Amino acid sequence: MNSLQERFDTSNEIENWLYGKQPTHFLTFIFNRNFGSSSGVEPLIEYSKQKLDKFCKYLNKKLLGPYWYRIDPQEHFFMMVFPQHIYSNFHFHGGGVVENTIRFPNKVEMFERYARDIWTLDKERTDQETNNKYQDVIVPNGDLDIQTPRSNKKVIGYSVRDEWKTENHNHFFVSGERK
């Protein structure tokens, strides 16, 4: 079976699919880093997707506990974000879905409280096996803007507005799509 990214052919299909998800938050992931245009789009996108994937894993662990990956994926934080201004002020815009449930009644509050800190993580940790210290970093100089959307149509339209550009096309990130 193809991944979501392989199944989407046009921005309209993406928009229609995202409308069905009913985003609860408008997200802007800011890197605050000059990547330069010499490295090319692909390495930059792969690097940023690794950071976004790590963010989702850490956030799900915070929201759902250490065994979050064993919990029904419907409980997981979901987001779909799109790259913007790849060669200048690189960032991702998109929609996220986080909702309180009977099992996890404080997810929204926890998301709004901890998501920024997780995105800007820069913490010294110790490897349990080797006892070596290392720096656990996501995007320490970055920022995460979280807003409650007034209109899903505007959030989705704004997020996918550059999807037609060659350097942006099919470089979106969907949480849970990566290993």
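Begin by selecting E15, which touches I156 and V160 when residues up to four places away in sequence are left out of the count. The model on screen is a predicted one, and each stop below should be read with that in view. Colouring by secondary structure places E15 in helix α2, which covers residues 11–21. Is this glutamate buried or exposed, and which side chain of opposite charge is nearest to E15? E15 is buried yet has no salt bridge, and the nearest oppositely charged side chain, that of K153, is 7.5 Å away. Since a salt bridge calls for a side-chain nitrogen of Lys or Arg within 4 Å of a carboxyl oxygen of Asp or Glu, display K153 together with E15 and look at the 7.5 Å that lies between the two side chains.

Next, zoom out to the whole chain. Five helices and seven strands make up its secondary structure, and, read from the N terminus, the elements follow the order α-α-β-α-β-β-α-β-β-β-α-β. Of the 179 residues in the chain, 44% are buried.

For the next stop, select Y58, K61, K62, Y114, D117, I118, L121, R125 and D136, which together line the second largest pocket. Two elements, α3 (41–64) and α4 (107–119), each give two or more residues to this lining. The space in the second largest pocket comes to about 350 Å³.

Select H85, found in the loop between β2 (78–84) and β3 (91–97). The phi of H85 is near 50°, a positive value in a residue other than glycine. With a relative accessible area of 37%, H85 is partly exposed.

Finally, go to N131, in the loop that lies between β4 (122–126) and β5 (133–137).

Key: Residues are numbered from 1 along each chain as its sequence is written. This is a predicted model: local features need pLDDT of at least 70, side-chain atom pairs count only at pLDDT 80 or more; totals for chains, interfaces and linings use all residues. Side-chain values use heavy atoms; hydrogens and water are left out. Helices (H or I, at least four residues) and strands (E, at least two) are DSSP runs, numbered from the N terminus. Buried means under 20% relative accessible area, exposed over 50%, partly exposed in between (1.4 Å probe, protein chains only). Lys and Arg count as positive and Asp and Glu as negative; His and the chain ends are not counted. Contact means heavy atoms within 4.5 Å. On a 1 Å grid over the protein atoms alone, a cavity is a set of points where a 1.4 Å probe fits but cannot get out, and a pocket is an open set with protein on both sides within 12 Å along at least five of seven lines; lining residues have an atom within 4 Å of a point. Grid points are joined across faces, edges and corners, and a volume is the space filled by probe spheres set on the points.
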